[in-house]
Amino acid sequence: ALQKLSDSQFDGVLRQIRLDRVSVLKEKSARNRADKLLVSLERAYRKLAASSTTAAATADAAVDAKDDKEEELMPWYLSGKQKTKKNPALSSKERTFHQKKKDNKVADKLRESGKVEQEWIETYSRAKYGGYIAPPQTKAYGKKKKTKTEEKEPAAAVAASSSPIPDLHQVSVDFEEIVVDVCLEMLLTHDECWEGRIQMMEVLVKQLCAPECTDDVYALKLCKFLCSIGHQFSDPRSLIIQAMEQSVSKLVDQTPTRFILFAPYVLSAVFNTFPVRIEALRDPGLKLGDFMVDRLKDYDTQRDVLRCVLQGLDSKHVAIRTECAKYLDVLMQKIAVLESDEEQGQDADQVALLADLESAVQKACKDAGSEARVNGYRALKRFEGIAPKTAEKIMSKMTKAQMDKYNEANKQ
(Lines give C-alpha, C1' and ligand atoms only; values in the text may rest on other atoms or scores of the structure.)
Protein backbone atom coordinates (compact mmCIF):
# COMPACT_ATOMS: atom_id res chain seq x y z
CA ALA A 1 0.00 0.00 0.00
CA LEU A 2 2.88 2.37 0.74
CA GLN A 3 4.38 1.83 -2.74
CA LYS A 4 1.23 3.19 -4.38
CA LEU A 5 1.53 6.55 -2.62
CA SER A 6 3.56 9.38 -4.08
CA ASP A 7 5.88 11.49 -1.95
CA SER A 8 3.43 14.38 -1.72
CA GLN A 9 0.54 12.07 -0.78
CA PHE A 10 2.59 10.31 1.89
CA ASP A 11 3.76 13.63 3.33
CA GLY A 12 0.15 14.84 3.50
CA VAL A 13 -1.00 11.70 5.30
CA LEU A 14 1.91 11.89 7.74
CA ARG A 15 1.22 15.56 8.44
CA GLN A 16 -2.46 14.85 9.15
CA ILE A 17 -1.56 12.02 11.53
CA ARG A 18 0.76 14.32 13.46
CA LEU A 19 -1.92 16.98 13.79
CA ASP A 20 -4.44 14.43 15.04
CA ARG A 21 -1.90 13.08 17.49
CA VAL A 22 -1.32 16.52 19.04
CA SER A 23 -5.05 17.04 19.60
CA VAL A 24 -5.67 13.58 21.08
CA LEU A 25 -2.59 12.70 23.12
CA LYS A 26 -2.06 14.85 26.19
CA GLU A 27 0.90 13.18 27.93
CA LYS A 28 4.42 13.89 26.74
CA SER A 29 5.52 10.25 26.97
CA ALA A 30 2.63 9.15 24.74
CA ARG A 31 3.53 11.80 22.16
CA ASN A 32 7.16 10.64 22.17
CA ARG A 33 6.09 7.04 21.52
CA ALA A 34 3.85 8.19 18.68
CA ASP A 35 6.76 10.17 17.19
CA LYS A 36 8.94 7.05 17.19
CA LEU A 37 6.25 5.07 15.39
CA LEU A 38 5.86 7.78 12.75
CA VAL A 39 9.63 7.89 12.21
CA SER A 40 9.66 4.09 11.73
CA LEU A 41 6.80 4.38 9.25
CA GLU A 42 8.60 7.07 7.27
CA ARG A 43 11.79 5.00 7.19
CA ALA A 44 9.88 2.04 5.80
CA TYR A 45 8.30 4.20 3.10
CA ARG A 46 11.65 5.74 2.08
CA LYS A 47 13.18 2.29 1.86
CA LEU A 48 10.42 0.99 -0.41
CA ALA A 49 10.54 4.10 -2.59
CA ALA A 50 14.30 3.77 -3.02
CA SER A 51 14.15 0.06 -3.94
CA SER A 52 11.71 0.67 -6.83
CA THR A 53 14.06 2.96 -8.78
CA THR A 54 16.88 2.07 -11.15
CA ALA A 55 20.46 1.43 -10.04
CA ALA A 56 21.70 4.88 -11.04
CA ALA A 57 18.74 6.63 -9.50
CA THR A 58 19.13 4.56 -6.34
CA ALA A 59 22.63 5.89 -5.73
CA ASP A 60 21.46 9.51 -6.04
CA ALA A 61 18.37 8.88 -3.97
CA ALA A 62 20.42 7.27 -1.20
CA VAL A 63 22.43 10.46 -0.75
CA ASP A 64 19.29 12.60 -0.67
CA ALA A 65 17.51 10.14 1.63
CA LYS A 66 20.46 10.27 4.01
CA ASP A 67 20.28 14.05 4.18
CA ASP A 68 16.50 13.97 4.57
CA LYS A 69 16.82 11.36 7.26
CA GLU A 70 19.23 13.51 9.26
CA GLU A 71 16.90 16.48 8.96
CA GLU A 72 13.84 14.47 9.95
CA LEU A 73 15.54 12.85 12.93
CA MET A 74 16.64 16.23 14.26
CA PRO A 75 14.12 17.32 16.94
CA TRP A 76 11.87 20.24 16.14
CA TYR A 77 13.43 22.48 18.81
CA LEU A 78 16.68 22.30 16.81
CA SER A 79 15.01 22.97 13.47
CA GLY A 80 14.82 26.75 13.91
CA LYS A 81 11.01 26.69 13.52
CA GLN A 82 9.12 28.22 16.41
CA LYS A 83 5.89 26.56 17.52
CA THR A 84 3.05 29.02 17.11
CA LYS A 85 0.00 26.76 17.31
CA LYS A 86 -1.44 25.73 20.66
CA ASN A 87 -3.59 22.74 21.47
CA PRO A 88 -7.19 24.03 21.69
CA ALA A 89 -8.19 21.08 23.87
CA LEU A 90 -5.73 22.16 26.58
CA SER A 91 -6.27 25.92 26.35
CA SER A 92 -9.92 25.67 27.42
CA LYS A 93 -9.12 23.75 30.62
CA GLU A 94 -8.03 25.40 33.83
CA ARG A 95 -4.55 24.54 35.03
CA THR A 96 -4.24 22.23 38.01
CA PHE A 97 -2.30 23.00 41.18
CA HIS A 98 0.62 20.83 40.08
CA GLN A 99 0.73 22.52 36.67
CA LYS A 100 0.83 25.95 38.30
CA LYS A 101 3.56 24.81 40.67
CA LYS A 102 5.61 23.47 37.75
CA ASP A 103 5.11 26.69 35.77
CA ASN A 104 6.24 28.76 38.77
CA LYS A 105 9.43 26.70 39.04
CA VAL A 106 10.15 27.18 35.36
CA ALA A 107 9.52 30.92 35.69
CA ASP A 108 11.94 31.14 38.64
CA LYS A 109 14.66 29.32 36.73
CA LEU A 110 14.17 31.49 33.65
CA ARG A 111 14.35 34.59 35.85
CA GLU A 112 17.61 33.34 37.36
CA SER A 113 18.96 32.62 33.87
CA GLY A 114 18.08 36.16 32.79
CA LYS A 115 19.95 37.64 35.76
CA VAL A 116 23.04 35.57 34.98
CA GLU A 117 22.86 36.59 31.33
CA GLN A 118 22.66 40.31 32.15
CA GLU A 119 25.45 40.06 34.74
CA TRP A 120 27.90 38.42 32.36
CA ILE A 121 26.99 40.66 29.44
CA GLU A 122 27.94 43.56 31.69
CA THR A 123 31.18 41.79 32.64
CA TYR A 124 32.04 41.23 28.97
CA SER A 125 31.15 44.81 27.97
CA ARG A 126 33.28 46.34 30.72
CA ALA A 127 36.19 44.00 29.96
CA LYS A 128 36.23 44.71 26.21
CA TYR A 129 34.82 48.22 25.83
CA GLY A 130 35.51 49.73 29.25
CA GLY A 131 31.85 50.48 29.93
CA TYR A 132 28.35 49.11 29.84
CA ILE A 133 24.93 50.30 28.67
CA ALA A 134 22.21 48.78 30.81
CA PRO A 135 18.87 47.76 29.28
CA PRO A 136 15.90 50.09 29.88
CA GLN A 137 13.97 49.35 33.05
CA THR A 138 10.40 48.23 32.40
CA LYS A 139 7.70 49.41 34.81
CA ALA A 140 5.49 46.67 36.17
CA TYR A 141 2.64 48.97 37.19
CA GLY A 142 0.61 51.75 35.69
CA LYS A 143 1.80 55.14 34.50
CA LYS A 144 3.43 57.35 37.07
CA LYS A 145 4.47 60.91 37.00
CA LYS A 146 7.96 61.30 35.57
CA THR A 147 10.69 62.41 37.92
CA LYS A 148 13.49 64.80 36.98
CA THR A 149 15.83 61.86 36.48
CA GLU A 150 13.39 60.15 34.13
CA GLU A 151 12.92 63.35 32.16
CA LYS A 152 16.65 63.38 31.44
CA GLU A 153 16.56 59.84 30.01
CA PRO A 154 16.11 60.94 26.35
CA ALA A 155 19.23 63.10 26.60
CA ALA A 156 21.11 60.19 28.14
CA ALA A 157 19.91 57.94 25.32
CA VAL A 158 21.24 60.39 22.72
CA ALA A 159 24.59 60.49 24.50
CA ALA A 160 24.66 56.70 24.61
CA SER A 161 23.99 56.48 20.87
CA SER A 162 27.09 58.58 20.16
CA SER A 163 29.22 56.62 22.65
CA PRO A 164 31.80 54.12 21.35
CA ILE A 165 30.40 51.57 23.82
CA PRO A 166 27.81 49.43 21.99
CA ASP A 167 24.46 48.55 23.53
CA LEU A 168 24.84 44.78 23.51
CA HIS A 169 21.24 44.27 24.61
CA GLN A 170 20.10 45.75 21.30
CA VAL A 171 22.27 43.47 19.17
CA SER A 172 20.20 40.88 17.33
CA VAL A 173 21.69 37.39 17.50
CA ASP A 174 20.74 34.61 15.12
CA PHE A 175 20.74 31.28 16.95
CA GLU A 176 20.09 29.54 13.62
CA GLU A 177 18.47 26.13 14.26
CA ILE A 178 18.14 26.57 18.05
CA VAL A 179 14.65 27.45 19.35
CA VAL A 180 15.92 29.46 22.30
CA ASP A 181 12.98 29.58 24.71
CA VAL A 182 12.18 25.86 24.41
CA CYS A 183 15.82 24.79 24.68
CA LEU A 184 16.35 27.00 27.72
CA GLU A 185 13.35 25.52 29.47
CA MET A 186 14.44 21.96 28.71
CA LEU A 187 17.98 22.58 29.95
CA LEU A 188 16.97 24.43 33.11
CA THR A 189 14.36 21.86 34.14
CA HIS A 190 16.56 18.83 33.38
CA ASP A 191 14.08 17.55 30.83
CA GLU A 192 13.77 13.78 30.70
CA CYS A 193 14.79 13.87 27.03
CA TRP A 194 18.50 13.85 27.91
CA GLU A 195 19.53 12.97 24.35
CA GLY A 196 17.89 16.18 23.14
CA ARG A 197 19.81 18.21 25.71
CA ILE A 198 23.07 16.67 24.53
CA GLN A 199 22.19 17.60 20.96
CA MET A 200 21.49 21.17 22.07
CA MET A 201 24.94 21.49 23.60
CA GLU A 202 26.61 20.03 20.53
CA VAL A 203 24.80 22.47 18.23
CA LEU A 204 25.60 25.43 20.50
CA VAL A 205 29.29 24.53 20.71
CA LYS A 206 29.40 24.11 16.94
CA GLN A 207 28.01 27.62 16.49
CA LEU A 208 30.42 29.14 19.01
CA CYS A 209 33.44 27.44 17.40
CA ALA A 210 32.50 28.57 13.89
CA PRO A 211 35.11 30.88 12.32
CA GLU A 212 32.47 33.43 11.30
CA CYS A 213 31.30 33.89 14.91
CA THR A 214 32.42 37.35 16.13
CA ASP A 215 33.42 38.23 19.68
CA ASP A 216 30.12 39.98 20.48
CA VAL A 217 28.00 37.19 19.03
CA TYR A 218 30.08 34.60 20.89
CA ALA A 219 29.59 36.44 24.18
CA LEU A 220 25.85 37.01 23.68
CA LYS A 221 25.18 33.40 22.72
CA LEU A 222 27.22 32.02 25.59
CA CYS A 223 25.65 34.43 28.09
CA LYS A 224 22.19 33.35 26.97
CA PHE A 225 22.95 29.69 27.80
CA LEU A 226 25.53 30.22 30.55
CA CYS A 227 23.16 29.46 33.43
CA SER A 228 21.82 26.43 31.53
CA ILE A 229 25.33 25.09 30.95
CA GLY A 230 26.19 25.37 34.63
CA HIS A 231 22.89 23.78 35.61
CA GLN A 232 23.69 20.60 33.67
CA PHE A 233 26.48 19.68 36.09
CA SER A 234 23.89 19.10 38.81
CA ASP A 235 22.11 16.46 36.71
CA PRO A 236 22.09 12.96 38.26
CA ARG A 237 22.63 11.27 34.85
CA SER A 238 26.22 10.26 34.19
CA LEU A 239 25.72 10.44 30.40
CA ILE A 240 24.88 14.14 30.70
CA ILE A 241 28.04 14.85 32.71
CA GLN A 242 30.17 12.89 30.23
CA ALA A 243 28.63 14.74 27.28
CA MET A 244 29.13 18.10 29.02
CA GLU A 245 32.77 17.24 29.65
CA GLN A 246 33.30 16.59 25.94
CA SER A 247 31.37 19.66 24.76
CA VAL A 248 32.93 22.13 27.21
CA SER A 249 36.42 20.70 26.61
CA LYS A 250 35.98 21.27 22.89
CA LEU A 251 34.79 24.82 23.47
CA VAL A 252 37.68 25.61 25.83
CA ASP A 253 40.27 24.04 23.53
CA GLN A 254 39.15 25.89 20.39
CA THR A 255 38.26 29.29 21.90
CA PRO A 256 40.47 29.82 24.99
CA THR A 257 40.91 33.57 24.51
CA ARG A 258 37.16 34.12 24.38
CA PHE A 259 36.16 31.56 26.96
CA ILE A 260 38.57 32.75 29.66
CA LEU A 261 36.21 35.55 30.69
CA PHE A 262 33.36 33.10 31.39
CA ALA A 263 35.54 30.30 32.77
CA PRO A 264 34.98 31.15 36.49
CA TYR A 265 31.23 30.56 36.23
CA VAL A 266 31.60 27.23 34.43
CA LEU A 267 34.44 26.07 36.67
CA SER A 268 32.46 26.85 39.83
CA ALA A 269 29.58 24.80 38.37
CA VAL A 270 31.96 21.90 37.69
CA PHE A 271 32.91 21.99 41.39
CA ASN A 272 29.48 20.48 42.15
CA THR A 273 30.59 17.13 40.70
CA PHE A 274 33.69 16.77 42.92
CA PRO A 275 31.99 15.64 46.17
CA VAL A 276 29.78 13.07 44.41
CA ARG A 277 30.52 9.50 45.46
CA ILE A 278 29.48 7.91 42.14
CA GLU A 279 32.56 7.62 39.95
CA ALA A 280 30.61 7.90 36.70
CA LEU A 281 29.48 11.38 37.80
CA ARG A 282 32.64 12.50 39.57
CA ASP A 283 35.40 11.44 37.15
CA PRO A 284 34.19 13.46 34.09
CA GLY A 285 33.97 16.56 36.30
CA LEU A 286 37.49 16.03 37.66
CA LYS A 287 38.80 15.50 34.14
CA LEU A 288 37.11 18.67 32.89
CA GLY A 289 38.38 20.73 35.83
CA ASP A 290 41.97 19.59 35.26
CA PHE A 291 41.75 20.31 31.55
CA MET A 292 40.22 23.78 32.00
CA VAL A 293 42.84 24.93 34.49
CA ASP A 294 45.74 23.53 32.48
CA ARG A 295 44.45 24.93 29.16
CA LEU A 296 43.54 28.38 30.48
CA LYS A 297 46.51 29.04 32.77
CA ASP A 298 48.36 30.87 29.96
CA TYR A 299 45.35 33.14 29.28
CA ASP A 300 44.43 34.01 32.89
CA THR A 301 46.06 37.45 32.82
CA GLN A 302 43.29 39.05 34.90
CA ARG A 303 43.46 36.24 37.51
CA ASP A 304 39.76 35.41 37.13
CA VAL A 305 40.32 31.65 37.25
CA LEU A 306 42.72 32.07 40.16
CA ARG A 307 40.10 33.98 42.16
CA CYS A 308 37.60 31.21 41.47
CA VAL A 309 40.09 28.64 42.77
CA LEU A 310 40.74 30.75 45.89
CA GLN A 311 37.01 30.79 46.59
CA GLY A 312 36.92 27.02 46.17
CA LEU A 313 39.46 26.68 49.01
CA ASP A 314 36.77 28.04 51.35
CA SER A 315 34.28 25.32 50.39
CA LYS A 316 32.80 23.07 53.05
CA HIS A 317 33.48 19.99 50.87
CA VAL A 318 36.94 18.51 51.30
CA ALA A 319 36.88 17.14 47.72
CA ILE A 320 36.52 20.67 46.30
CA ARG A 321 39.28 22.02 48.56
CA THR A 322 41.58 19.15 47.51
CA GLU A 323 41.20 19.89 43.80
CA CYS A 324 41.47 23.65 44.30
CA ALA A 325 44.74 23.19 46.19
CA LYS A 326 46.02 21.24 43.18
CA TYR A 327 44.78 23.95 40.80
CA LEU A 328 46.57 26.55 42.91
CA ASP A 329 49.88 24.78 42.28
CA VAL A 330 49.19 24.72 38.53
CA LEU A 331 48.16 28.38 38.27
CA MET A 332 51.18 29.64 40.20
CA GLN A 333 53.42 28.30 37.43
CA LYS A 334 52.57 31.38 35.35
CA ILE A 335 53.00 33.96 38.13
CA ALA A 336 56.22 35.96 38.18
CA VAL A 337 58.25 36.75 41.29
CA LEU A 338 56.18 38.95 43.60
CA GLU A 339 58.79 39.89 46.19
CA SER A 340 61.60 42.34 45.61
CA ASP A 341 64.21 44.03 47.79
CA GLU A 342 62.87 47.47 46.95
CA GLU A 343 59.51 48.13 48.61
CA GLN A 344 58.70 50.89 46.16
CA GLY A 345 59.01 48.47 43.23
CA GLN A 346 55.78 46.66 44.16
CA ASP A 347 52.44 48.05 43.12
CA ALA A 348 49.14 47.59 44.93
CA ASP A 349 48.00 44.71 42.70
CA GLN A 350 51.14 42.69 43.39
CA VAL A 351 50.83 43.26 47.13
CA ALA A 352 47.17 42.16 47.09
CA LEU A 353 47.99 39.08 44.98
CA LEU A 354 50.83 38.14 47.32
CA ALA A 355 48.53 38.42 50.33
CA ASP A 356 45.84 36.29 48.66
CA LEU A 357 48.31 33.58 47.68
CA GLU A 358 49.86 33.54 51.16
CA SER A 359 46.44 33.10 52.75
CA ALA A 360 45.46 30.38 50.26
CA VAL A 361 48.67 28.39 50.76
CA GLN A 362 48.29 28.55 54.53
CA LYS A 363 44.69 27.32 54.29
CA ALA A 364 45.70 24.42 52.06
CA CYS A 365 48.58 23.38 54.32
CA LYS A 366 46.30 23.38 57.39
CA ASP A 367 43.32 21.71 55.71
CA ALA A 368 41.46 18.94 57.51
CA GLY A 369 41.77 16.61 54.50
CA SER A 370 45.02 14.73 54.08
CA GLU A 371 45.02 14.94 50.27
CA ALA A 372 44.29 18.66 50.41
CA ARG A 373 47.27 19.14 52.76
CA VAL A 374 49.55 17.21 50.39
CA ASN A 375 48.49 19.45 47.52
CA GLY A 376 48.96 22.44 49.81
CA TYR A 377 52.56 21.42 50.55
CA ARG A 378 53.23 21.19 46.83
CA ALA A 379 51.68 24.61 46.32
CA LEU A 380 53.91 25.92 49.13
CA LYS A 381 56.96 24.62 47.25
CA ARG A 382 55.77 26.49 44.16
CA PHE A 383 55.05 29.57 46.27
CA GLU A 384 58.63 29.50 47.53
CA GLY A 385 59.85 30.36 44.04
CA ILE A 386 57.45 33.32 43.83
CA ALA A 387 57.85 34.76 47.32
CA PRO A 388 60.77 33.12 49.14
CA LYS A 389 60.64 35.35 52.21
CA THR A 390 56.95 34.82 52.82
CA ALA A 391 57.27 31.07 52.18
CA GLU A 392 60.13 30.87 54.67
CA LYS A 393 57.98 32.64 57.24
CA ILE A 394 55.20 30.06 56.71
CA MET A 395 57.60 27.10 56.99
CA SER A 396 59.17 28.49 60.16
CA LYS A 397 55.82 28.04 61.93
CA MET A 398 55.40 24.43 60.81
CA THR A 399 56.06 21.54 63.19
CA LYS A 400 58.60 18.78 62.57
CA ALA A 401 55.84 16.37 61.50
CA GLN A 402 54.50 18.94 59.04
CA MET A 403 57.99 19.47 57.61
CA ASP A 404 58.35 15.72 57.14
CA LYS A 405 55.05 15.66 55.21
CA TYR A 406 56.22 18.69 53.21
CA ASN A 407 59.44 16.97 52.21
CA GLU A 408 57.61 13.75 51.41
CA ALA A 409 55.09 15.55 49.18
CA ASN A 410 57.86 17.30 47.22
CA LYS A 411 60.19 14.33 46.74
CA GLN A 412 59.26 13.87 43.08
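Modeller: The model is predicted, so local features need pLDDT of at least 70 and side-chain atom pairs count only at pLDDT 80 or more, while totals for chains, interfaces and linings use all residues. Residues are numbered from 1 along each chain as its sequence is written, and side-chain values use heavy atoms, with hydrogens and water left out.

Colleague: How many helices and strands does the protein chain have?

Modeller: The protein chain has 20 helices and 0 strands. Both are DSSP runs numbered from the N terminus, helices being H or I over at least four residues and strands being E over at least two.

Colleague: What makes K297 and D294 a salt bridge?

Modeller: A salt bridge requires a side-chain nitrogen of Lys or Arg within 4 Å of a carboxyl oxygen of Asp or Glu. The closest N and O atoms of K297 and D294 are 3.3 Å apart, and therefore the pair meets the definition. The search of the whole structure finds 18 salt bridges.

Colleague: Why is K297 called buried, and why is D294 called partly exposed?

Modeller: Buried means under 20% relative accessible area, exposed means over 50%, and partly exposed lies in between, with a 1.4 Å probe and protein chains only. K297 has 15% relative accessibility and therefore counts as buried. D294 has 42%, so D294 counts as partly exposed.

Colleague: Why is K400 called exposed, and what is the N to O distance to D404?

Modeller: K400 has 65% relative accessibility and therefore counts as exposed. The salt bridge between the side chains of K400 and D404 has an N to O distance of 3.6 Å. Both residues belong to helix α20 (residues 400-409), where they are 4 residues apart, about one turn of the helix. D404, at 40% relative accessibility, counts as partly exposed.

Colleague: Which residues are linked in a network of salt bridges?

Modeller: The network links K128, D215 and R258.

Colleague: Why is the pair of W120 and Y265 called edge-to-face?

Modeller: Rings of Phe, Tyr and Trp (its six-membered ring) pair if their centres lie within 6.5 Å; planes under 30 degrees apart count as stacked, over 60 as edge-to-face and the rest as tilted. The search of the whole structure finds 6 aromatic pairs. The ring centres of W120 and Y265 are 6.1 Å apart and their planes stand at 75 degrees, so the pair is edge-to-face. This pair links distant parts of the chain, W120 in helix α5 (residues 97-129) and Y265 in helix α13 (residues 263-270), 145 residues apart. W120, at 11% relative accessibility, counts as buried. Ring pairs also link W120, F262 and Y265 into a cluster.

Colleague: What makes the pair of Y377 and Y406 edge-to-face?

Modeller: Y377 and Y406 are 6.4 Å apart centre to centre, with 85 degrees between the planes, so the pair meets both limits. Y377 lies in helix α18 (residues 370-386) and Y406 in helix α20, so the pair ties together parts that are 29 residues apart in sequence. Y377 is buried, with a relative accessible area of 4%, and Y406 is buried, with 5%.

Colleague: Why is E323 called buried, and which residues is E323 in contact with?

Modeller: E323 has 13% relative accessibility and therefore counts as buried. E323 is found in helix α16. Leaving aside neighbours within four places in sequence, E323 is in contact (heavy atoms within 4.5 Å) with F274, L286 and D290.

Colleague: What share of the 412 residues in the protein chain is buried?

Modeller: Buried residues make up 37% of the 412 residues.
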